[in-house]
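Trainee: I would like to learn how to read side-chain contacts in a model. Please take me through them one kind at a time.

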Amino acid sequence: MNKALSSSHQTHCINAFHVYDWIQKKYEGELDVFRSNGTDGIISGINLCDLLLQRNRFFIEAMIVDENGCPISPERGITITELTNSMTRSKKRLNDEENCPVLHRAVIQKQGQYLLTLVDKTTGQICRSNPIPFTIRETVYLYAPLDTTIQVDVTSVEFNVAPSCINNVQELRVEVSICQSITSGYAKTIEIEGSYITTREDLRPSHCKHKSC
């Protein structure tokens, strides 16, 4: 059998992220509340009281979009910024025990846009809102000492849109749930040794002998 043979070795430098701490965290919160007596115009011309009487026919959903209102993945549609930095993150001990680790308080901001879609399941008719901007600020605690940076990767986003009609006052409440992976660390250049290999001949079945059980 002809094996793939190493022909030469080279040292390569690559940039890697040295991780200090890593957490997986879900953010859950309210994005917006629209009311029929407001000036936002989101539910202007739509009678939520009538829609609630026909729940089996209509439903309202939300999705992340770009500035043109086109659906986009959360990782591309949500901009994430740390409002603190390694110099301004305050420290917090989890409890009073001396051997308990000290964590750092970081404030993370997420910005993006979403739109609301009203769907008539009977006719297939769809009514869309304009893109609605949102800003979310949340506090996280992780080990992030001086000169480290914080990276946030959004893995999934789910919306809950709840219409209501109480005493003819119409309200549309939008809540969001965001799953995210958060790491702290710093960029580091490391060396790895690589090698180039040559190809081998393709093996034909007749060349392989299999032992019977």
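Mentor: Begin with the term itself: a salt bridge is a side-chain nitrogen of Lys or Arg within 4 Å of a carboxyl oxygen of Asp or Glu. This is a predicted model, in which local features need pLDDT of at least 70 and side-chain atom pairs count only at pLDDT 80 or more, while totals for chains, interfaces and linings use all residues. Residues are numbered from 1 along each chain as its sequence is written, and side-chain values use heavy atoms, with hydrogens and water left out.

Trainee: How many salt bridges does this rule give?

Mentor: The count is seven. In one of them, Arg173 and Glu30 meet through their side chains at 2.3 Å, N to O. Arg173 is in strand E9 (residues 169-197) and Glu30 in strand E1, 143 residues apart, so the pair links distant parts of the chain. Strands (E, at least two residues) are DSSP runs, numbered from the N terminus.

Trainee: Which parts does the salt bridge of Glu138 and Lys25 tie together?

Mentor: The side chains of Glu138 and Lys25 meet at 2.8 Å, N to O.

Trainee: Is Glu138 buried or exposed?

Mentor: The classes go by relative accessible area: buried is under 20%, exposed is over 50%, and partly exposed is in between (1.4 Å probe, protein chains only). Glu138 is buried at 5%, whereas Lys25 is partly exposed at 28%. For the other pair, Arg173 has 27% and Glu30 has 43%; Arg173 is partly exposed, and Glu30 is partly exposed.

Trainee: What about Glu82 and Arg89?

Mentor: Their side chains form a salt bridge at 2.8 Å, N to O. Glu82 is partly exposed at 21%, and Arg89 is buried at 6%. Elsewhere, salt bridges with shared partners join Glu30, Arg35, Glu171 and Arg173 into one network.

Trainee: How many aromatic pairs are there?

Mentor: Rings of Phe, Tyr and Trp (its six-membered ring) pair if their centres lie within 6.5 Å; planes under 30 degrees apart are stacked, over 60 edge-to-face, and the rest tilted. The whole structure has four such pairs. Among them is the stacked pair of Tyr20 and Tyr143, with 5.8 Å centre to centre and 15° between the planes. Tyr20 is in strand E1 and Tyr143 in the loop between E7 and strand E8 (149-166), 123 residues apart. Ring pairs link Tyr20, Tyr143 and Tyr186 into a cluster.

Technical notes
Helix = DSSP H or I, 4+ residues; strand = E, 2+ residues; numbered from the N terminus.
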